[in-house]
Amino acid sequence: MSIDTLSSMQKVSCWLARNLTNNASFEAYFEPVVQFFLPQWRADRFRSTIMDVRRESADMYSLVIKPNKSWKGFSAGQYLELIVEKEGAWVSRFFSISSSPAYFQKTGLIEISIRIQEKGQITPWLPQALSAGSVVNISEAQGSFVLNEVLEPTLLIAGGSGITPFRSILQQISLRGTDVQHPVTLMYYARSNEHFIFRQELEVFQQQVPNLDIHFIDTDDVGFFSDAHLLGFCQDFSTRDIYICGPSPMILHARKVLEGQTVNDDQINYEFFGPEPVSLEVSDKAVNVLFQDSGKQVSTENAEPKTLLALAEEAALKPVTGCRIGVCHQCICKKKSGVVYNSKTKKYSDTGQEEIQLCVSVPVADVVLAL
Ligand code: FES
């Protein structure tokens, strides 16, 4: 069946579903009925099987997953939502896919590689809870952190576990070997006490692709990304497409260095692991947040801007959460009054009653929440 035929059929199915059921798809229409028999089923989730849980280092592991047959595949660099049941509740987190589309086509498997967050509730628990044969749910692949279809001269900058989408990208590129016409440079930063995850595999890619140049950079030795590193490792950076992935402070710093070198903004692609940092001024005016249902109150005077989710958890409240990056909408809560800044949409709210996402909303004037 050709792609054109398939997409026409999908269009017809969509049209029928809309006209007959007022839903975007038949799956969405039948969702409540199926959920009566299979409570965990959702039309946009794909039941998948864990094939292996593989240790990569003391604080990092990979889940090898076999998605079910309806899962549509992905582009190198994308991420997915992993949904698992923990103590009777569904919890979800977003992770980059660390293996390549070619590997998926060949084996039907994908991998996600996860760093254990010391104080996290999910990442330390997953390798204990999951083993070969466990069933999890995954979403479709998402995200636009992917290389151009026609590969241009490229610079990749990775910090720590930010290597995961680049492993997928480089695994895919390595199949083209000597056909890769343009230079691709990876600057991979990690601390001495961390492992350079996938180092051996990356070194093999380097042998397979003459135009691929990889630098493993120990930040304890030579510091973090700087003008000197940029000029030393990738002199022609101004002509390259640039991709950055890693912890938020690293991305902010790398963007600043690149901006200082007058690199065009539209040349730079980046992906935050976790919520995008809030760039609001620290205010010396106290902002009070009242969690009305629980009767708790916090004040943010002279403090770094924090999300309402962070403030609620600091007050020992346990609101429902999922992704914590503004995607899944599980943390929606009613704001009764006050003004919040949404770090995802970069917009301020009105003062009145409305629903907000706790994980991306930062209070900027006294707020009352139904929590
Ligand atoms: S926890 Fe997912 S949107 Fe807030």
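These legends walk you through several close-up views of one predicted protein model.

**View 1. The whole chain, before we zoom in.**
The protein is built with 10 helices and 17 strands. Of its 371 residues, 32% count as buried. Take contacts between residues with a separation of 6 or more: 66% of them join residues 24 or more positions apart.

**View 2. Strand 8 and its two partners.**
How many bridges join strand 7 to strand 8? Six bridges link strand 7 (residues 154–159) with strand 8 (residues 184–190), and the two run parallel. Look for Gly159, which stands opposite Tyr189 of strand 8. Strand 8 is also joined to strand 9, by seven bridges, and this pair runs parallel too. Here Val184 stands opposite Leu212 of strand 9. To get from strand 8 to strand 9, the chain passes through helix 6 (residues 199–208), making a right-handed β-α-β crossover.

Is helix 5 largely enclosed or largely open? Because 10 of its 11 residues are buried, helix 5 is largely enclosed by the rest of the structure. Among these buried residues are Pro165, Phe166, Arg167, Ile169 and Leu170.

**View 3. The largest nonpolar core, and a second one.**
In soluble globular proteins, nonpolar side chains tend to be buried together. The largest nonpolar core in this model has 58 residues. Which of them touch the most other members? They are Leu82, Ile157, Ala158, Phe166, Leu186, Tyr188 and Ile244. Strand 8 gives the most to this core, contributing six residues. At least three residues come from each of domain 2 (44–143) and domain 3 (154–272). Now pick out Tyr188: leaving aside neighbours within four places in sequence, Tyr188 is in contact with Ala158, Ile163, Phe196, Ile214, His215, Phe216 and Ile217. A second, separate core has 18 residues, including Leu308, Cys331, Leu358 and Leu371.

**View 4. Ala370 and its surroundings.**
Ala370 is found in the segment that follows strand 17 (361–369). Is Ala370 buried or exposed? Ala370 has 12 C-beta neighbours inside 10 Å, so this residue counts as exposed; the cut-off for exposed is 12 or fewer. Ala370 and Lys335 are 35 residues apart in sequence, while their C-alpha atoms are 6.3 Å apart in space. Leaving aside neighbours within four places in sequence, Ala370 is in contact with Gln292, Asp293, Cys333, Lys334 and Lys336.

Definitions and conventions: Residues numbered from 1 in each chain as written. Predicted model: local features only at pLDDT ≥ 70, side-chain atom pairs only at ≥ 80, totals over all residues. Pairing = 2+ DSSP bridges. Helix = DSSP H or I, 4+ residues; strand = E, 2+ residues; numbered from the N terminus. Buried ≥ 20, exposed ≤ 12 C-beta atoms within 10 Å, placed from the backbone. Right-handed = clockwise from strand over helix to strand, strands pointing away. Core = buried A, V, L, I, M, F, W, Y, C linked by C-beta atoms within 7 Å. Domains from an automatic or database assignment. Contact = placed C-beta atoms within 7 Å.
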